[in-house]
Amino acid sequence: MSGPPVVSVIMAAYNGADLLPATLATLQKQTFTDFEVIVVDDCSQDETREMLRAWPDPRVRMIALDQNGGPVRARNRAFAEARGRYVAGLDQDDLCLPDRFARQIAYLDAHPETVLLASATEVLEGARLLPSPHVAHTTPALLRWLIRIENPFVWSSVMVRMDAARRLNPFTRPDILYAEDFDLYHRMAALGEIARIDTPLLAYRRHAGGASQRYEDRMLASARQVLAGAYTPLLGEQAEPAAALVVEHLMHGQPVPDRATLAALGNYLVRLQEAFLAERPWRAADIRLVRWATARRWADVSRRSLRAGTLSLGDALAVRPPHLGLGHAGLEELLWARLIGRARRARQRYTFAA
C-alpha cells in the first residue's frame with residue numbers, strides 16, 4: 001500500500017493461538033481490502049507469536065510486548081500505532097462477516113457526524129449460531145439512551161472515527177478494566193453521534209475462556225463506576241446507588257429482592273428518562289422507542305422477580321412508575337410469571353424434602 005490504510009484493526013492478543021487463525025481468516029475474506037491489522041501480543045505463553053510471525057498476510061503486523069500489562073494497555077498500544085481514517089475493534093476470538101468493513105465505511109462516509117458505529121451481532125456458542133440478546137432495531141437516539149442503562153454494543157463490531165478518537169487520552173482507560181469498552185462508548189458519545197447497523201456483521205464467540213465469563217465481578221464493578229459518573233450531574237449523591245441497581249437488575253439480569261428495591265429502581269429510571277428526553281427536541285418516533293425499550297426492561301425485571309419468588313403479584317402491580325411507556329408487564333404476563341415462580345418453589349421444596 002502506498003499510503004495509510006482506510007481502516008486500522010486493533011487487537012490485544014493473549015494465548016490466542018487456537019482461535020486467532022480463524023479470526024484473521026475472516027479478515028482475509030473482507031470485500032473491502034484497504035486495511036491494516038495491528039495485533040499486540042501481551043506476553044502469550046502459547047504459540048501466538050510464532051503463529052503471527054508466520055501469518056501470510058502482510059497487512060497483519062505484530063507488536064510483541066516485553067511485559068504483560070493486560071488487555072487495555074495492549075489495545076491502547078495498538079491504537080497508538082494505528083494509521084487509518086477509521087479504527088475497527090476486534091477481539092482475538094470473534095469472526096467478521098465478509099462485508100463488515102464495506103458496510104461500516106459506507107455508513108461513516110455518508111454520516112460525518114457519527115463518531116462511533118457498531119453492528120448487530122450473532123453469538124457463536126460451540127457449533128451453534130444464536131441471535132444476539134441486544135435490541136433488534138435501533139436509532140441513534142435510542143442507542144444514546146440505552147448506553148445509560150445497559151451496554152448495547154459488542155466491542156468487536158465497533159468502528160470509530162480516528163480524528164475523534166485521537167481526542168481521548170487515553171483511548172481506553174486501564175482503571176475501567178473489563179468495562180473499558182462501555183466507558184469508551186460514553187466518552188465517544190460526548191464527541192458526536194453513535195449508531196448501529198442493525199444487520200449482523202459479526203459473530204461473537206461465547207466460550208469459557210472469554211474475559212466476560214472469567215472476570216464478571218470486575219466487569220460489573222467497572223460498569224457501576226461508568227454509570228455512576230454518567231449519573232452524577234443529575235442524581236448527585238444518589239448516582240452510586242442508582243448505578244448499582246441498574247447494573248444489578250438491568251445489565252446483570254438479577255431479580256429484585258423486594259418491593260422497595262423495585263420502587264427505587266423505577267424512581268431512578270423515571271428521573272433518568274425524563275432528563276434524557278429533555279436534552280434535545282427528539283422525534284416522536286424516537287421518544288416512543290425510548291419509552292418502549294425502557295418499559296420492556298422494566299417488565300423483564302418484574303417477570304424475573306415473580307419467577308424467582310422475591311415479589312408477589314401485588315407488589316409488581318402496585319409499583320408502576322409513571323412515564324415509562326407501558327411501565328409494567330400486562331396482567332396476563334404477570335399472572336403467568338407468578339405461576340411459574342410458584343411451580344419452581346414447589347419443585348424446590350419437593351427436592352429438599354426428598
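**Strands, a helix and confidence in a predicted model**

Good morning. I begin with strand β2: F35, V37, V39 and D41 point one way from this strand, E36, I38 and V40 point the other way, and all are buried. Buried here means under 20% relative accessible area, against over 50% for exposed and in between for partly exposed, with a 1.4 Å probe and protein chains only. Strand β2 spans residues 35-41, and seven of its seven residues are buried. Helices (H or I, at least four residues) and strands (E, at least two) are DSSP runs, numbered from the N terminus.

The model is a predicted one, in which local features need pLDDT of at least 70 and side-chain atom pairs count only at pLDDT 80 or more, while totals for chains, interfaces and linings use all residues. Residues are numbered from 1 along each chain as its sequence is written, and side-chain values use heavy atoms, with hydrogens and water left out.

Which strands pair with β2? Strand β1, residues 7-13, pairs with β2 in the parallel sense over seven bridges; two strands pair if DSSP finds at least two bridges between them. From β1 the chain passes through helix α1, residues 20-28, to β2, in a right-handed β-α-β crossover. Right-handed means that, with the strands pointing away from the viewer, the path from the first strand over the helix to the second runs clockwise.

Strand β3, residues 60-64, also pairs with β2 in the parallel sense, over five bridges. There, V40 has I63 as its bridge partner. The chain crosses from β2 to β3 through helix α2, residues 48-53, and this β-α-β crossover is right-handed.

I turn now to helix α10, residues 239-251. Its buried residues are A239, A242, A243, L245, V246, V247, H249 and L250. An α-helix has 3.6 residues a turn, so residues three or four places apart point the same way. The cover over the buried residues of α10 includes α9 (216-235), α11 (259-277) and α12 (284-308). Just after α10, G253 takes a positive phi of about 75°.

Finally, how far can the coordinates be read? The mean pLDDT of the chain is 90, and 88% of its residues reach 70 or more; pLDDT is the predictor's confidence in each residue, from 0 to 100. Over residues 326-334 pLDDT stays under 50, and the model has 17 contacts (heavy atoms within 4.5 Å) beyond four places in sequence for this stretch. Where pLDDT is low, the predicted coordinates should not be read in detail. Thank you.
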